[in-house]
Amino acid sequence: MNQAPLPSYAPLAEVVRSGMREGVHYGAVVGLSAEGEVAYARGPVHDAMFPRSSAKPFQALAALRAGAPLEGTSLAIAAGSHGGEDFHAAETERILAAAGLTTEALRCPPAVPGGAAARKAFLAAGRSPERRYMNCSGKHAGMLAACVAQGWSTDDYLDPEHPLQVLVREATEDMCGERIAHTAVDGCGAPQLAVSLVGLARGIQGMRLSPEGSSERTIIEAMSAHPEYVSGTDRIDTELMTRMPGLVSKIGADGVLVLNVPTGETVAVKISDGDAEERARVLVGLTALRALGVDVAPVKEHLTTPIQGGGRTVGEVRGL
């Protein structure tokens, strides 16, 4: 298999411990002005990448276009990556029940809750992994609701050639303004569609700037109104959206983040090492938003990430 040349990622954040640089996070970040112009860019922002869960708003859009009766919290969780708390599992079941389905219809892998407190309680009770607790179960429930609304088969709804997934592809290309560069399998089993960081940012911005009452705008508004269903208790997406009303924040696996504010400014980030500890992408994204003129003072402490040593702060991760 021929591989594209290695991307020319830019240094975006440095890890400083006790006054010495310990490491550097490389990646790419793009910021769109309220008018949709590329006003901030570092790294290969036009190269194809997997947006991972940051693309869930596009998948939710396809579900709405197919007639899925999603609104409010059900729409937020369909566009979210929830923490597997009981209220998340209950909302997923509610979406399925309204479509005449049970959790047996879900094709995402069984999982334990992702949130620390919920996971601890779940395991302490001796429970086994369940599909409804998988962070993508809300998205899968929304997809299934769309299939029922259209009379499409539900057993194979994750097949890239299934009518729903064809609609997801069309919605993604429609919003991002570019062709899908590659199709892969995401962690939840759904098709994962490669676009550029610029395309991801333009897609989310386009949803925000769509007419009032449109499906695109409704998804963005549901996410910002119900952040706990997009993410969960004590998770960064929820915190950012709660403390900056109107903001949409959507993390994706392997170092991805997209941020969008009501005035339209939008940032998309990809950290090349995957940012497993989530210590770089948020500060990089907020730094880009600030460069676009957005007031990030309500969450200014997230412009750096503390580094611990011996039970105390001995350094920080900071932007470059």
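The largest cavity in this predicted model holds about 50 Å³ of space. A cavity here is a set of points on a 1 Å grid over the protein atoms alone where a 1.4 Å probe fits but cannot get out. Grid points are joined across faces, edges and corners, and a volume is the space filled by probe spheres set on the points. Searching the whole structure turns up three cavities of 30 Å³ or more.

Two notes on the numbers. Residues are numbered from 1 along each chain as its sequence is written, and side-chain values use heavy atoms, with hydrogens and water left out. As the model is predicted, local features need pLDDT of at least 70 and side-chain atom pairs count only at pLDDT 80 or more, while totals for chains, interfaces and linings use all residues.

What lines the largest cavity? The lining consists of L12, V29, Y40, R42, L283, V284, T287, G319 and L320, where a lining residue has an atom within 4 Å of a point. The elements giving two or more residues to that lining are β3 (38-42) and α11 (281-291). Helices (H or I, at least four residues) and strands (E, at least two) are DSSP runs, numbered from the N terminus. The largest share, three residues, comes from α11. By type, the lining has six nonpolar residues, two polar and one charged. For that count, Ala, Val, Leu, Ile, Met, Phe, Trp, Tyr, Cys and Pro are nonpolar, Asp, Glu, Lys and Arg are charged, and the others, Gly among them, are polar.

Take G319 from that lining. G319 sits in strand β12 (residues 312-319). The cut-offs are under 20% relative accessible area for buried and over 50% for exposed, with partly exposed in between (1.4 Å probe, protein chains only).

Strand β1 (residues 10-17) has six of its eight residues buried, so it is largely enclosed by the rest of the structure. β1 pairs with β12 in the antiparallel sense over five bridges, and V15 has V317 of β12 as its bridge partner. Pairing requires at least two DSSP bridges between the strands. β1 also pairs with strand β2 (residues 20-32), again antiparallel, over seven bridges; there E14 is bridged to V24. The hairpin of β1 and β2 has two residues between the strands, and in it S18 takes a positive phi near 50°.

Now the second largest cavity, with a volume of about 40 Å³. Its lining is A55, F58, Q59, V168, T172, P191, Q192 and L193. At least two residues each come from α1 (56-65), α6 (163-176) and β6 (191-193), and β6 gives the largest share, three residues. This lining divides into five nonpolar, three polar and no charged residues.

F58 also belongs to the largest nonpolar core, which has 66 residues; F58 and L200 are among those with the most contacts inside it. A nonpolar core is a set of buried Ala, Val, Leu, Ile, Met, Phe, Trp, Tyr and Cys residues joined through side-chain atoms within 4.5 Å. Not counting residues up to four places away in sequence, L200 touches P51, S54, F58, C176, V195, V256, V258 and A268. Apart from this core lies another, of 32 residues, including L259, V269, V284 and V317.

Methods: On a 1 Å grid over the protein atoms alone, a cavity is a set of points where a 1.4 Å probe fits but cannot get out, and a pocket is an open set with protein on both sides within 12 Å along at least five of seven lines; lining residues have an atom within 4 Å of a point. Contact means heavy atoms within 4.5 Å.
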